[in-house]
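Biologist: I've never looked at this one before. Could you walk me through it, one question at a time?

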Amino acid sequence: MADEQINAVADEQQVQFAIQRIYVKDISFEAPNSPAIFRKDWQPEVKLDLDTRSEKLDDSTFEVVLSLTVTATIGEETAFLCEVQQAGIFSVPVVSDAQMAHMLAAFCPNILFPYAREAVSSLVNRGTFPQLNLAPVNFDALFAQYVQQRQAEAQAQLPN
């Protein structure tokens, strides 16, 4: 009888947020203009592109992939191109659609970013380029900006 009550209580409890796994899904480093680029004055322009995507694996489990592309150029020449897809499998509790969107597009990428930043730094170091430390990214602000942009687009499509 007590076991049945414990099981009933456990069934009623919601799944809590949990990290099941964090892993590198894809990684690439190119130094297309080496060794000539090493002889140039090292004043690169560094560009960072970010993207996130998610896939539902089952009712409460999602894979979230954070893609970083870092390009360093000197003048017109590419010094290096580094691409990292850092992924994670997350158990996400049942929440509203808005909360789910925020968790998948901001909360989970916030967890993945330090791993991706370390992978980029390591690859750049192995390419014998000077150390590259990416600045923190505010995924909450990026998500809020995305939501505002979508709302503005929806308002623009409404008939007057």
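Predicted model: local features only at pLDDT ≥ 70, side-chain atom pairs only at ≥ 80, totals over all residues.

Biologist: Which strand holds F80, and which strand holds F29?

Modeller: F80 sits in strand β4, residues 77-91. F29 lies in a strand too, covering residues 18-30, so the pair ties together parts 51 residues apart in sequence. That puts F80 in β4 and F29 in β1.

Biologist: Are the rings of F29 and F80 stacked or edge-to-face?

Modeller: Their centres are 5.7 Å apart. The planes meet at 25°, and planes under 30 degrees apart count as stacked, so this pair is stacked.

Biologist: Is F29 buried, exposed or partly exposed?

Modeller: Buried needs under 20% and exposed needs over 50%. F29 comes out at 25% relative accessibility, so the label is partly exposed.

Biologist: How far apart in sequence are the parts that F38 and F129 tie together?

Modeller: These two form a tilted aromatic pair, with 5.1 Å centre to centre and 40° between the planes. F38 is in the loop between β1 and β2, while F129 is in the loop between α2 and α3. The pair therefore ties together parts whose separation in sequence is 91 residues.

Biologist: Where does α2 bend?

Modeller: Helix α2 runs over residues 97-126 and reaches 42 Å from its first C-alpha to its last, close to the 44 Å expected. The helix bends by about 40°, and P114 follows within four residues of the bend, which is at N110.

Conventions
Residues numbered from 1 in each chain as written. Heavy atoms only, no water. Helix = DSSP H or I, 4+ residues; strand = E, 2+ residues; numbered from the N terminus. Expected span 1.5 Å × (residues − 1). Bend = angle between axes of the 7 residues up to and from the residue. Phe/Tyr/Trp six-rings, centres within 6.5 Å; stacked < 30°, edge-to-face > 60°. Buried < 20%, exposed > 50% of the residue type's maximum accessible area, 1.4 Å probe, protein only.
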